[in-house]
Amino acid sequence: MAAVVARGCGGVWRRARQCGAGRPGPGPGPSPPGQRAVACNKRGGAVPAGKSGLAPWIPVVGLEIHAQISSNSKLFSGSQVQFAAPPNSLVSFFDASLPGTLPVLNRRCVEAAVMTGLALNCSINKKSLFDRKHYFYADLPAGYQITQQRVPIAVNGSLSYSLCIDNKMSQMVTKTVRIKQIQLEQDSGKSLHDDTGCQTLVDLNRAGVGLMEVVMEPDMCCGEEAAAAVRELQLILQTLGSSQAVMAEGQLRVDANVSVHHPGEPYGVRTEVKNINSIRFLAKAVDYEIQRQIEELENGGTILNETRAFDSKLGCTVPMRDKEGKQDYRFMPEPNLPPLILYDTKSLPANMNHQQVINIDWIHERLPDLPSVKREKLVEQYGILPEHSFTLLNEDGLAEFFESVVKQTQMKPKKVIGWILNDLLSYLKQHSLTVKESPVSSFLLADLLNLLEKKEISSTAAKQVMAIKAGNRKVLNKLIGLVQRKTQGRSNPALVKQLLEKKLSE
């Protein structure tokens, strides 16, 4: 088994053999996921050569992210978009590809793609084209997908993202990945495999739902970088409202293209790991595939240009099929859709009805603050540490919760952040709860912190009240004991309990 380390941007990797470890691959099966850890060193500097004396490897990682557009209807039909609806209940004649049906482009989907392109520093093409991409799947009734292969709606952008150095939030580095293009396209339906009945069922509810495919250039070198870039993109999409980007519901799916090569040599043969639906699994899949390719090449094997899937239970990638080329898809212009024409303020004709066109400048002026700007404002306004601003935005709803508490309490924001991150957030994570599901409201926490700031209660008592409010009723006895001690035993424990429970239920 080999451990892998990396150095600097571009990730020069070397292998160091570990005693008693065997080579994974065909035969005995993959090594446990824990033995596949890959380090991505952001500090730079030299890396000692491995004992084997082999030349270093440079991993290359590019991503294709499919984001489901947040829209009430599909890209080319009026069918409703709804997660977990009864199978085949949201399928129009066009979605089912019945003869004679024609596509009608959804304005909302175009606006969402333009908004996303602007947020990712892309150039918006005022004229883009639609194409047919042919392939056969049972859940693709037409036998082709409408996409934008020749001239996509947005090109040449960039995305900045941040990484922790050595897992220390206090030490972060910012990197940038180039965005090659963003294209509009249809989603396919879903194939549901029934192993017991030896049959495959098809649900076309998702067929025709609008997607934005964001293509990232191969500027990353490990799973950690890929995961950080996708997480930042996810936050941007959610901030814009162009996609809900909930990976558990299939609204954000990632294909990772991975290859390795020696310095000074051309890029190696790449493999594509398809449909990764978790940021954590993305990091594991990329690191595993890098390690697999290095070991395969160093043992005299070759890398196939193939599509693979990540098995989260085994922690490894497995072959699916040979990778198709452009010629296999038989791209052709979509004959039923004219070019998509967009305008800016300068090119907008004076006699044009503004409601019938899409104005790029109008969308640009209405962009909300992006996550990077929000982090800067949190640091400047409240004096918190930069790493704390990342945590606040990474947890859905936590920044709003923090600001709500700050507005209602006399405690300084620097102290409030400690209570939220060290006490509240740790409890929520321990019990797998979201911020919205928190049993402790922002009003209750602010009330507690006000009492603490006035020194009417101790820090210990405040934490005990939070535990009680979160459902730990055993701590109630401790509070009763504190009251008894304060009143020198003159209080009625039953009455104290009744008053505390009444107060806590408010």
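Predicted model: local features only at pLDDT ≥ 70, side-chain atom pairs only at ≥ 80, totals over all residues.

Q: At what angle do α2 and α3 pack?

A: Helix α2, residues 223-240, packs against helix α3, residues 279-298, at an angle of about 150°, and their axes are 8 Å apart. Because angles over 145 degrees count as roughly antiparallel, that is how α2 runs relative to α3.

Q: And is the crossing left-handed or right-handed?

A: The crossing of α2 and α3 is right-handed.

Q: Which residues meet there?

A: From α2 the contact involves Gly223, Glu224, Ala226, Ala227, Val230, Arg231 and Gln234, which meet Ile279, Leu282, Ala283, Val286 and Asp287 of α3. By class, this contact has 7 nonpolar, 2 polar and 3 charged residues.

Q: Changing topic, how many residues has the largest nonpolar core?

A: The largest nonpolar core has 67 residues, and Leu63 and Met216 are those with the most contacts inside it. A second, separate core has 33 residues, among them Ile384, Leu392, Phe401 and Ala462.

Q: What does Met216 touch?

A: Leaving out residues up to four places away in sequence, Met216 touches Gly62, Leu63, Ile65, Leu159, Val177, Arg178, Ile179, Ala229 and Leu233.

Q: Now Leu252: is that residue buried or exposed?

A: Leu252, which is found in strand β13, is buried, with a relative accessible area of 0%.

Q: How far is Leu252 from Ala67?

A: Their C-alpha atoms are separated by 4.6 Å, although Leu252 and Ala67 are 185 residues apart along the chain.

Methods
Residues numbered from 1 in each chain as written. Heavy atoms only, no water. Axes fitted to C-alpha atoms, helices over the stretch in contact; angles between N-to-C directions. Helix = DSSP H or I, 4+ residues; strand = E, 2+ residues; numbered from the N terminus. Parallel < 35°, antiparallel > 145°, perpendicular 65-115°, else oblique. Left-handed = near helix turned anticlockwise from the far one by under 90°. Contact = heavy atoms within 4.5 Å. Nonpolar A, V, L, I, M, F, W, Y, C, P; charged D, E, K, R; others polar. Core = buried A, V, L, I, M, F, W, Y, C linked by side-chain atoms within 4.5 Å. Buried < 20%, exposed > 50% of the residue type's maximum accessible area, 1.4 Å probe, protein only.
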